[in-house]
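Work through the following exercises with the sequence and the coordinates side by side.

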Amino acid sequence: MEAPWRQGGRGRGRARPGEGFAARAGAAARPPAARAHGSACVTAAGSSGETVSGECRVLLFTQLSSQKKFDEIKKANQAAAKKLVEDQFSSSSEEDDEDAEVKQGKILAKTFTIYTSQTDGDASELERTRQYMNEAFQSGAMTCLICIASVKRNQAVWSCCGCFCIFHLVCIQKWAKDSLFLVSSVTDDDFGKKDYPWPCPKCRFEYKRSETPSRYYCYCGKVENPTLDPWLVPHSCGQICEREFKPPCGHKCLLLCHPGPCPPCPKMVTTTCHCKKARPVPRRCSAKEWSCRLLCGRTLLCGQHTCENPCHAGDCQPCPRVSKQRCICGRQTGERLCASPQWQCDQVCGKRLPCGNHTCEQVCHSGPCGDCPRSGKRSCPCGKSKFTLPCTEDVPTCGDSCDKVLECGIHKCSQRCHRGPCEICRQEVEKQCRCGKHTKRMPCHKPYLCETKCTKIRDCQKHQCRRKCCSGNCPPCDQVCGRTLGCRNHKCPSGCHRGSCNPCPETVDVKCNCGKTVIKVPCGRERTIKPPRCKRLCSRPPTCHHPTQEKHYCHFGRCPPCRQTCQKTLTCGHLCPVSCHDEALVKQRGSHQSAGPWEQLSEPAFIQTALPCPPCEVPIPVECLGQHEVSPFPCHSANPYSCKRFCGRLLACQNHTCMKECHHVTKLNGSADGKKVGPECLQCEEECTKPRPPGCPHRCVLPCHPGDCLSCLQMLKIKCHCKLSVLYIECLKLTSADLKEKELLISCKNQCPKEV
């Protein structure tokens with residue numbers, strides 16, 4: 001049985017009976033028992049048919065809200081994961097390494113394979129298309145001119161068929177819609193009913209309203225929503241383009257689906273020259289029009305001469321020769337271009353007309369002069385009466401009122417039929433000004449303009465008309481827009497207008513450090529785009545002591561550290577074998593002292609300085625002080641040393657050797673032997689230990705010495721044979737004597753006391 005506080009599954013988070021809904025809803029984070037209790041509430045209510053209690057409703061609401069939050073978080077995580085995957089295939093901002101260049105080269109080669117197979121490997125005609133394709137791979141080179149943002153691989157795009165510029169599909173749709181709205185609102189009385197075109201933002205190529213893009217297609221237009229493939233050109237379907245060449249020749253493009261214009265047709269056709277004189281020869285379809293350079297020889301329009309230009313396309317030029325030609329009337333002759341034989345002189349014809357009374361007043365003309373213009377029926381000046389009179393008489397006035405409409409267009413001339421123009425209208429009328437706000441009585445021929453300035457907003461929706469007495473049809477705003485364009489470098493030069501300004505038409509050169517490699521980008525992108533990667537070697541002078549620096553490509557910033565061998569001559573005469581250390585980064589110490597333990601430690605500062613060459617490490621054979629051995633030592637520490645052995649030189653006594661540790665020995669004058677004892681060696685202080693002659697019990701009285709010991713002259717105390725006398729005999733005599741002599745020396749010469 002469960003404890004009372006756990007019964008019902010409410011746990012510690014259950015609400016008190018007096019708390020409201022908000023307090024109960026606040027306990028959303030319940031243990032699993034609470035969720036079980038909620039399901040139990042639903043089950044109990046469903047089985048018994050009773051109304052669910054308030055607490056059960058709170059639990060059900062909590063479960064639903066928690067599930068809703070869980071679903072929202074799940075969707076957000078999925079969207080973030082999808083975006084992360086897509087960003088990995090975004091415009092080539094991550095493909096700056098050499099592996100990406102190799103991959104790009106393979107994709108381009110695959111795209112051009114079919115074309116180059118037709119041209120025997122010649123790709124000289126593909127440079128323009130290659131430039132567009134390189135921009136599709138390069139980071140920031142493909143820029144939407146409408147939003148001034150990079151065009152990424154995973155974004156829907158649209159390409160203009162005139163300039164082949166690429167825009168975001170959403171941007172070009174908005175552009176077309178805004179363009180149509182602005183044109184229709186200004187020029188169309190029946191707004192939106194006429195089919196006005198909309199222009200490309202870059203080249204102003206016009207498209208019909210029905211040509212507004214609504215779907216995302218690849219470059220060749222075959223595949224809708226092309227899949228993102230890292231081994232294809234971005235936004236390409238990977239199929240053969242098959243677009244018609246321009247100008248059309250009957251063949252289709254052989255490249256794989258690609259941005260930019262199609263290259264010239266590579267097919268081979270057999271054609272003759274322009275003048276048709278040469279034999280047909282096989283040529284590229286894109287260059288099938290050719291000249292044999294022979295004289296054209298076709299008859300010119302003058303009918304007298306032939307074309308002397310080399311074989312050419314189209315019609316022959318007008319004949320350049322000069323000849324004497326008569327004018328149309330035939331009275332004058334002058335030198336004129338053969339190509340324009342028809343010319344008029346400035347003389348009046350003057351021929352007598354058929355009436356016999358007047359002459360022709362036309363300037364030099366061809367054909368008959370015609371009838372006299374005063375013959376036949378003629379009208380009076382007001383045109384109401386007609387008279388048949390000889391050509392020599394003038395038509396009289398009819399006497400009726402003129403009744404011609406005056407210049408005002410309202411009143412008629414009140415004079416009698418008269419010759420010449422009618423007078424101005426002098427009737428006084430109630431005139432309304434052009435804007436319709438004021439009236440005034442004044443002569444009809446005078447215009448009435450009031451001084452009231454129009455306060456209507458012009459079509460730019462910014463400025464007032466401010467024209468005096470405006471009729472309401474305000475002219476377009478004559479002020480310059482002057483707003484800063486999206487590039488933030490230039491201002492809009494167009495007249496003041498509604499909506500967004502056109503993209504900046506300027507392009508900016510982005511150069512590498514040496515200025516030899518240049519890419520053109522839309523104005524405004526030069527601040528965010530990476531400089532082009534230059535394949536030329538860096539031309540900066542070396543900053544170290546070497547005459548030349550290591551070969552590396554052009555770059556911005558400092559050159560990389562020199563990795564050549566130092567090769568400076570050391571004091572010992574050897575060359576420094578380590579890497580160049582003229583510009584080594586050294587940690588700067590003691591530059592700042594902290595005020596206390598609360599102050600955060602700053603990052604260590606590094607300064608660039610030249611380090612001295614390290615000690616020479618070339619092995620040098622060095623003999624020890626006592627000349628016992630030869631060992632290799634680094635050049636910087638190649639000094640005489642002690643090998644820690646005993647000296648071992650034979651001392652002056654010729655019996656013992658020097659027992660000092662290996663030491664320096666001064667060579668005496670005239671001594672060539674390096675093993676002889678020197679003044680630095682020990683002096684022998686031993687006693688003479690040479691063996692004594694047999695029978696001599698004494699030591700050598702000399703210290704250790706070379707050669708034989710001195711003869712022993714000490715006296716030996718010996719008893720004679722009879723043991724009665726004590727004899728004193730020199731040790732040398734006794735030891736050097738033989739047996740007989742010894743017998744004699746030991747004898748005391750006295751009578752022997754022994755008994756027989």
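**Exercise 1.** With which residue does Glu526 form a salt bridge, and how far apart are the closest N and O atoms?

*Solution.* The model is a predicted one. The partner of Glu526 is Arg527, and the closest N and O atoms of the two are 3.8 Å apart, which can be set against the cut-off of 4 Å for a salt bridge. Glu526 itself has a relative accessible area of 25% and is partly exposed. In total, the structure holds 18 salt bridges.

**Exercise 2.** Determine which parts of the chain are tied together by the salt bridge between Lys222 and Glu242, and classify the accessibility of Lys222 and of Glu242.

*Solution.* Begin with the geometry: the two side chains meet with an N to O distance of 3.1 Å. Next, place the residues: Lys222 and Glu242 both lie in the loop between β6 (206-207) and β7 (268-271), so the pair ties together parts that are 20 residues apart in sequence. Finally, consider the accessibility, where Lys222 is partly exposed at 38% and Glu242 is likewise partly exposed at 42%.

**Exercise 3.** Describe the largest nonpolar core, naming the residues that touch the most other members and the element that gives the most to it.

*Solution.* This core has 40 residues, and those touching the most other members are Trp158, Phe167, Ile172 and Trp198. At least two residues come from each of α4 (98-118), β3 (157-159), β4 (166-168) and α6 (169-187), and α6 gives the most, with six residues. Taking Phe167 as an example, and leaving aside neighbours within four places in sequence, its contacts include Leu145, Ile146, Val157, Trp158, Ile172 and Cys200. Another core, of 11 residues, lies apart from the largest one, and Ile718, Cys720, Leu734 and Cys748 are among its members.

Notes
Residues numbered from 1 in each chain as written. Predicted model: local features only at pLDDT ≥ 70, side-chain atom pairs only at ≥ 80, totals over all residues. Heavy atoms only, no water. Core = buried A, V, L, I, M, F, W, Y, C linked by side-chain atoms within 4.5 Å. Buried < 20%, exposed > 50% of the residue type's maximum accessible area, 1.4 Å probe, protein only. Helix = DSSP H or I, 4+ residues; strand = E, 2+ residues; numbered from the N terminus. Contact = heavy atoms within 4.5 Å.
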